[in-house]
Amino acid sequence: MTRRIGTGGTWEQAVGYSRAVAAGDYVFVSGCTSVDGTRLVHEGDPQAQTAQAIANVAAALTGLGAGLADVVSTRIFVTDISRWAEYGQAHGAAFGGIAPAATMVEVQALIDPRMLVEVEAVAYRPGIGHSRAGQPEGGTQ
């Protein structure tokens with residue numbers, strides 16, 4: 001069984017993906033960027049963009065009944081690895097006490113050239129992928 005959640009965002013609809021999918025005991029959160037609603041925020045600021053991306057990860061997890069404390073792995077895609085400390089500072093602020101497995105890699109570009117970072121996450125919470133009372137299998141999208 002799986003449950004899905006979407007934001008209704010343009011890219012989710014155009015590309016055909018969910019913001020997060022709960023399957024079995026895991027939640028897989030698609031790459032999140034520094035978008036608030038429909039607009040990019042914190043242009044040019046790697047630390048603030050990372051913090052916003054992680055806030056978007058948290059919102060997706062919350063929508064499925066999990067939270068940042070459940071995160072066991074993150075992947076951070078950055079457009080300028082020389083600024084790793086700025087991305088890392090925001091990641092550490094959110095996950096320092098949790099200490100998930102983490103990978104940071106440089107990519108040539110993200111979908112919008114103003115985006116500096118994209119964060120994916122995997123969370124573990126036993127039974128989270130099972131249907132809840134009143135919610136059909138497949139969840140919300």
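Four bridges connect strand 2 with strand 3 (residues 26-32), and the two run antiparallel. Strands and helices here are DSSP runs numbered from the N terminus, with at least two residues (E) for a strand and at least four (H or I) for a helix. Two strands pair if DSSP finds at least two bridges between them.

Before I go on, this is a predicted model, in which local features need pLDDT of at least 70, side-chain atom pairs count only at pLDDT 80 or more, and totals for chains, interfaces and linings use all residues. Residues are numbered from 1 along each chain as its sequence is written, and side-chain values use heavy atoms, with hydrogens and water left out.

Back to the strands. Ala23 has Tyr26 in strand 3 as its bridge partner. Strands 2 and 3 make a hairpin with two residues between them, and Gly24 in that turn has a positive phi of about 65 degrees. Strand 2 (residues 20-23) is also joined by four bridges to strand 1 (residues 2-5), again antiparallel. There, Arg3 is partnered with Ala22 of strand 2.

Next, helix 2. It covers residues 46-63, which is 18 residues, and spans 26 Å from first C-alpha to last, close to the 26 Å expected at 1.5 Å a residue. The expected span is 1.5 Å times one less than the number of residues. At the start of helix 2, a side-chain oxygen of Asp45 comes within 3.2 Å of the backbone nitrogen of Gln47. Which residues of helix 2 are buried? Among them are Pro46, Ala53, Ile54, Val57 and Leu61. Buried means under 20% relative accessible area, exposed means over 50%, and partly exposed is in between, with a 1.4 Å probe and protein chains only. Just after helix 2, Gly65 has a positive phi of about 90 degrees.

Now the largest pocket. Its volume is about 620 Å³. The lining consists of 28 residues, and Thr7, Trp11, Glu12, Arg19 and Val35 lie nearest the centre. A pocket is an open set of points on a 1 Å grid over the protein atoms alone, where a 1.4 Å probe fits, with protein on both sides within 12 Å along at least five of seven lines; lining residues have an atom within 4 Å of a point. The volume is the space filled by probe spheres set on the points, which are joined across faces, edges and corners. Which element gives the most to the lining of this pocket? Helix 1 does, with four residues.

Two residues with positive phi follow. Most residues other than glycine have a negative phi. His42 is not a glycine, yet has a positive phi of about 65 degrees. It sits in the loop between strand 5 and helix 2, and is partly exposed at 38% relative accessible area. Ala99, also not a glycine, has a positive phi of about 50 degrees. Ala99 lies in the loop between helix 3 and strand 7 (101-106) and is exposed, at 59%.

Last, two buried residues. Thr74 is in strand 6 (residues 71-78) and counts as buried at 1% relative accessibility. Its side chain makes a polar contact with the side chain of His91, at 2.8 Å. A polar contact is a pair of N or O atoms within 3.5 Å; within protein, one must be able to donate a hydrogen and the other to accept it, and residues adjacent in sequence count only if both atoms are side-chain atoms. Phe95 belongs to helix 3 (residues 84-95) and is buried, at 2% relative accessible area.
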